[in-house]
Amino acid sequence: MESIGGLIYGLGIALKPINLIYCFLGVTMGTLVGVLPGLGPSAAISLLIPTTFHVSPESAFIMLAGIYYGAMYGGSTTSILVNIPGEAASVVTCLDGYQMARQGRAGPALGISAFGSFIGGTLSIVGLMVAAPPLASIALQFGPPEYFSLMILGLTILSYLSGGSMVKSFMMACLGILLGCVGMDTINGVNRFTYGIPELIDGIGIVPVVMGLFGISEVLLNVEQSLKQEVFVKRVKNLLPNWRDWMDSIGAIIRGSFLGFFLGVLPGGGAIVASFASYAVEKKVSKHPEQFGKGAIAGVAGPETANNAATGGAFIPLFTLGIPANAVMAVLLGALMIHGLRTGPLLMKEAPGIFWGTVASMYVGNIILLILNLPLIPVWVKILKVPYVFLFPAILIFCLIGAYSLNNSIVEVVLMVLFGLIGYLFKKFHYEGAPFIMALILGPMLEDGLRQSLILSNGSFGIFVARPLSLGLILISAFLVFSPIFLRKRPTAGLKDND
Amino acid sequence: MRLDLISGFFWFSFSILAALGSYQLNLGSWQKPGSGFLPFGAACLLGIFSFIIFLQALWTEKRIAKGEAWPEPKGWPKAVLVLCTLLGYALCLERVGFIIATFLLLCLLLKTIEPQTWPKTIIFSFFGSLLSYLIFQTFLKAQLPAGLLAGLGF
């Protein structure tokens, strides 16, 4: 009943004309960001945060959240029509989506990804609405040891689910924690690794790092390969999937919804992991696994549903614990703080309009996206037909302005370029950027949790196993770390390489 | 696995430097951890993991005489050029201003990565820099540096 009452209250906020406009703007920009390769939702949200300073926190958050889930819808269009993922979470859609387009079935591929996205997105909002309030009550019992253990679990899950070497993922997590320590130590007031640069006293900003690591490095790789875009535009017709398509996809959509939601909730999970996991599951349960990679519609429906379902789930740790589950949530956490809101379990009590307004706007936004997405495909196709040589300078300009606008400082721009180079080298040397980013985000919270716990226990690490909740989280982490010794193979190991 | 040999060695060296830097920050005690406590721990773990990667690569290298080749240097110059251009942009942005710096950046990228004709380059760069200024400065209220055009009201 509490959820229904909250939803009605939220609809009152989301259906205000001004908020409807912000929701529309958010999802449309999100779709555009999803369509454009090289510009992700984190970069777009960062770029637009300064424009929300003059509006109410509810309107600001409705628009920024819209960019996130809108991008998940848009990413599939580029994957299917050009074989280039518009967004990292749509990488796996290229495998079967592009093959369908080559066979003249781009329409059903785009159609099923839009319907799957809508179903997954809507179900995950129901999950968010039902699960978040009780979880926030439980989260009130969390102390520093529980927070520390939860963050260790998040980093372990991300390393476990990463496609490449687990040791390399752990290395990236350690590097992220190390760089997360840059700046003023909040307990002792000591400056660490700032080397006299005042901009580093507040730590290394997440936004320039994310833009560099995912935006700039992607552009560098694409430029290097002399990207040739071949848009399958003449054959985009019959967008509505037929009965057979629905029968082949419905199972994938349902499984993708649940898998995406649960992987979205886990810190370190998120849309990218959800889409890869869904593809792996669909290939495994299919009666015709040999068709995957050759245009199987379930290979499009599952991952596209899962990446949208993950968006709803990802809001749960943010709203209940104040912990961002991924880089986009970290940027949104920053937006909440800029608007003077205290994140954590008390957010729902202190600012119910933010939580319920966002939840209700997500229902509205998903409907807008479903209505908009299919008719707008010709527009996105026109944008995609712009040669990459003109597209990449535009993406670079967006990133440069976004980084500069953060503090009107060149240091942020230089940092972004530097992390662009680092991201480029990571990809060349087969290191994953995701564990690094997550550790950079969680590092300061992890340090607070660790140091406060040790002070509380007078230096005893026993505090982490003496409390049941913390013990449970530590045990799960330990299981994940040591399971590759007992299991022959991790579920996602080598997935990216093979596919 | 030659790549892992190089990266393993690099990260191992980096971890030693980071551990030394953290040690100088004061590690504190178990009861009262200091500012260098966590970075020191993270640096040590990074050192251990990078050593494992290095050893794994060394072992594979010995077993397989022909190691993984260095990536094809075919497209590198383009990526390096884009990086240098971006760095140059960052360094001159505040001095020359957003419009001029962006115009020059676009010209350079369009003429070097996949060379376009001069008229195409000039038109795209001119409208690109002006349009982005209009969107971000005028509509989105970003504060972009005016630089050399400050006197013209930009």
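User: Among contacts in chain A between residues at least 6 apart in sequence, what percentage join residues at least 24 apart?

Analyst: Two residues are in contact if their C-beta atoms, placed from the backbone, lie within 7 Å; among the contacts of chain A between residues at least 6 apart in sequence, 80% join residues at least 24 apart. This is a predicted model, in which local features need pLDDT of at least 70 and side-chain atom pairs count only at pLDDT 80 or more, while totals for chains, interfaces and linings use all residues. Residues are numbered from 1 along each chain as its sequence is written, and chains are lettered from A and ligands numbered from 1 in the order in which they are written.

User: How many residues of α3(A) are buried, and what covers them?

Analyst: A residue is buried if 20 or more other C-beta atoms lie within 10 Å of its own, exposed if 12 or fewer, and partly exposed in between, with C-beta atoms placed from the backbone. By this count 61% of the 499 residues of chain A are buried, and in α3(A) 8 of its 8 residues are buried. The cover over the buried residues of α3(A) includes α2 (17-35), α4 (57-82), α9 (206-224), α13 and α17 of chain A.

User: At what angle do α3(A) and α13(A) pack?

Analyst: Axes are lines fitted to C-alpha atoms, for helices over the stretch in contact, and angles run from 0 to 180 degrees between N-to-C directions. Helix α3 (residues 41-48) and helix α13 (residues 327-338) of chain A pack at an angle of about 10°, with their axes 9 Å apart. Angles under 35 degrees count as roughly parallel, over 145 as roughly antiparallel, 65 to 115 as roughly perpendicular and the rest as oblique, and α3(A) and α13(A) are therefore roughly parallel to each other. A:P41, A:S42, A:I45 and A:S46 of α3(A) make the contact with A:A327, A:V328, A:V331 and A:L332 of α13(A).

User: Where does A:A335 lie, and is A:A335 buried or exposed?

Analyst: A:A335 lies in helix α13 of chain A and is buried, because 21 other C-beta atoms are within 10 Å. Leaving aside neighbours within four places in sequence, A:A335 is in contact with A:I49, A:A60, A:F61 and A:L64. The C-alpha atoms of A:A335 and A:T52 are separated by 8.9 Å, although these residues are 283 residues apart along the chain.

User: What span does α17(A) reach from its first C-alpha to its last?

Analyst: The expected span of a helix is 1.5 Å times one less than its number of residues. Helix α17 (residues 388-407) of chain A, with 20 residues, reaches 30 Å, close to the 28 Å expected. Of the 20 residues of α17(A), 16 are buried, and the helix is followed by A:N408, whose phi is positive, near 50°.

Notes: Helix = DSSP H or I, 4+ residues; strand = E, 2+ residues; numbered from the N terminus.
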